[in-house]
Amino acid sequence: MIGWSAWRLHRRGLIGFSVGGFLISFFYGAAFQQAAGTSASSQAAFGRSISLVAKQFAFLIPLPVHPETLGGYEQYKWLSGAIVVMMLWAGLAGVGIGRGDEDRGLTAEWIASGVSRTRLVLARSAAFGLVLLIACIASVLGIVAIAPAVHQDPNVAGEILKALSMAAGLFAGYAIALLISQVPAERQTATALGVGALVLLLMVNGIADTIDSASWIGVVSPFHWMERTSSAAPGGTFDLGATVGLAVAAAALIGAAIPAFRLRDLGSGLFTWGRRTRASVRVASRNLMLHLPSTEGLWEQRVGLAVWVFATLLLGALMVSVTKSVADALFTDPALAAVFQNAKPGPVYASLLGFIWFGIALLLLAGYAVVQVSRWSAQDQDGRVEMLLSAPVSRTRVVIERALEFAVASLLIVLGGYIGVAAKLPTAGLNLDAGHVFTASALLWPFALAFGGLGVAVASRWPRIAVPLLAAFAVVEYFLGDLAPLFRLPDWVANLSVFHLYGTPVTGSISWTPALSMTLVFLVGFGAALVLVRRRDVSSA
Amino acid sequence: MTAAIKTQSLTKDYGGGRGLFALDLEVSEGEVFGYLGPNGAGKSTTIRLLMGMIHPSRGAASILGLDSMRRSVEVKRLIGYMPGELPQFGGLRGRDIAGHFGALRGGVDQARVKEITERLDLDLGLKFRQYSTGNKRKLGILLAFMHRPKVLILDEPSSGLDPLNQQELFKLVREAKAAGATVFLSSHVLSEVEHVCERVGIIRRGRLVRVARLDELHEMRVRRVEVEFAGDAQPQLFEGLPGIENLESNRHRVTFTARGSFEPVADALAGNHVVNLASHEPTLEDVFLTYYEDQPDEVPA
């Protein structure tokens, strides 16, 4: 019974990631000949150029293996990104199983029905592990399916082994988040810590990949061990030891999460500090933050929001501080230096900073929008919105307050990132134009607002499916900007991607058109939300 | 007296026979009205329609003359609402929740909050997730009553409360009525509402099957009769008599239920050697349960 429930709870993620993964890998494959050409020589030249340019992105994406082949190209272009996105999913699932179920009352129900805590964690973990495996296999099957059409080797065994390695690494990421989520008392804090830890491990792997003296720290990151398998490319390697090691690590982490879960009370953290006896409180709070739904929302998520802001601040500062080292390390390669021989040091650093910081910041803000939508969706389903509407609060006001809450929270995160970057910039030796850095940072806000506007719209009308809908939208948006040029689609198609709209303001000329476009997306989403929320029934039943 | 709550052909059709159908109901100002029905009968759907949470398929509802849907915000200024189950407020403390909902209504009457929390022995210093089921219900009572609303809509308010706190809740309801408030109280257990309600409506399968004063329900007597004969039981004496149902016999004894007048039974027994005759008075609960059982929907309203 618990096994079936556990499986059912992941069905949306399973469908979304499996179908999405299959389609994206299929379309990337379909675009392979457009990008690489049809002759062996053009494909070899294409592979050489990819290998060369890829070195500047080695901080986040492992270097390609045989990118002149369909499997190698997809491994670099699609699977490397997919791993990051799916790791966020795995992290959220780990926290959701660790703490989210508890907040929704599911954990108490299961335990009350006679399911032991050990069995509960094992059943939920086994179900998610299976879901991950299916999603990973689906993500490589698109490559297998399209290969004959583009006259390439389907490399079935290699693709499946790559999927196995991905699933093992992602499962380890899930287990890390599951274990961490046992420690704090609040779900929001658990989310910030669990997902934050995975982002940190991604960064650690990036540093290990690009700075030789720091390569040893990569061993703690599941991304490092997943990178050791490159079998999606013909001639790539499958590291059996690394894959088994990841699976064993996942099992050990889940094994550690079980006693932690058994030791703590439901609704409490693992550690409780001395409870003081105190008189009963008989008065309502006079906290001014509680006077409006939007400020109440900010108050309620103050710890989680503080974690987001400080994590962004620290990450921004860290990225700025490593940019020069990463760039200088890259330019020791004469071939890569030749690519940039006409470029001045400033723009090169700016370009790299644009990739390793602003690129990450975009993903972080899109992730924050998904987390917020998940919160709104939960509030809708557990009756919180119904309770709010039982007070003299209109549906229109609920939407406006949500938009305001999101705008303020995302602005704080953007500010945190900017403060981190600006504080480190003078000593980082990058010689960047402060105005460009400020503009690039400022433009992150309308980018976040665009996602928030769409999030408010879907959460207002379809709260039950809002999270997978927005997450799927984020993935499609991300890859749209990538695929549109490959398929030689018109500019307006690429401009449908908010990521594409953001562009590269840290290196390019400053234009406020993207900001206006993204603000327009926000306003359209917000306007749609105002209309949609009036039409639907609000009910927790 | 004007209607505090009025519905006209109020319908919410979820399809497949589920929902609420053609509800015509009036609750007068200052009245305490019990809304009774088994689980899934449509009580919460009615309440959500009154609260403007869901859109009616047909018909309309109004509170103190204001349309529930179109003038939703004004309506809710007048209402105190207690849902069947409070939502998850997670890490917020009771005092934060009371402060938030008080602020949304224009301010908190701290003296009133203190009075109710003391009467219910509710500690507002705990986080919501630390509250027991009973304490969550108490918090729901506080949120509904703390602003002295003109209309109270309470969805199964006493479930989960211990007997002492149930009595305190009923006192609060009586006080609200004494202050002129109208109370609409849903329940699936009659004994919960018979302490405070003047009238009850009984809903079954989405249709209102009966609205009556409590004393009228008492008058709808269905007696359980046992007749013990000196010789063999003679059930044929009662077959076909008006109001006689559930006829059973066993050696010397005949049992049946008799609805309405007892005269035909007395006539049938005349001239027979009866050694014992017992007629059991039904409890109000028995009367109520007759409406829960499968009956044609055309029970007189």
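Everything here is a predicted model, where local features need pLDDT of at least 70, side-chain atom pairs count only at pLDDT 80 or more, and totals for chains, interfaces and linings use all residues. Residues are numbered from 1 along each chain as its sequence is written, while chains are lettered from A and ligands numbered from 1 in the order in which they are written.

Where the domains meet, domain 1 of chain A puts in 30 residues and domain 2 of chain A puts in 33 residues; a contact means C-beta atoms, placed from the backbone, within 7 Å. On the domain 1 side, the elements giving two or more residues are α2 (11-30), α3 (32-36), α4 (40-54), α5 (70-103) and α9 (187-210) of chain A. Helices here are DSSP runs of H or I, at least four residues, numbered from the N terminus. It's α9(A) that brings the largest share, nine residues. By type, that domain 1 side has 16 nonpolar, ten polar and four charged residues, counting Ala, Val, Leu, Ile, Met, Phe, Trp, Tyr, Cys and Pro as nonpolar, Asp, Glu, Lys and Arg as charged, and the others, Gly among them, as polar.

## Where chain A meets chain B

The contact between the chains draws 34 residues from chain A and 39 residues from chain B. On the chain A side, α12 (293-300) and α16 (384-389) are the elements that give two or more residues, and α16(A) gives the most, with four.

## A kinked helix

Helix α20 of chain A (466-486) has 21 residues and reaches 30 Å from first C-alpha to last, close to the 30 Å expected at 1.5 Å a residue; that expected span is 1.5 Å times one less than the number of residues. Still, α20(A) has a kink of about 40° centred on A:Leu480, the bend being the angle between axes fitted to the seven residues ending there and the seven starting there.

Buried residues of α20(A) include A:Val467, A:Leu470, A:Tyr478, A:Phe479 and A:Leu483, where buried means 20 or more other C-beta atoms, placed from the backbone, within 10 Å of the residue's own. Just after α20(A), A:Arg488 takes a positive phi of about 55°.

## Confidence

Chain A averages a pLDDT of 87, with 95% of the residues scoring at least 70; pLDDT is the predictor's confidence in each residue, from 0 to 100. Residues 341-345 of chain A fall below 50, and this stretch has two contacts in the model beyond near neighbours in sequence.

Definitions and conventions. Buried ≥ 20, exposed ≤ 12 C-beta atoms within 10 Å, placed from the backbone.
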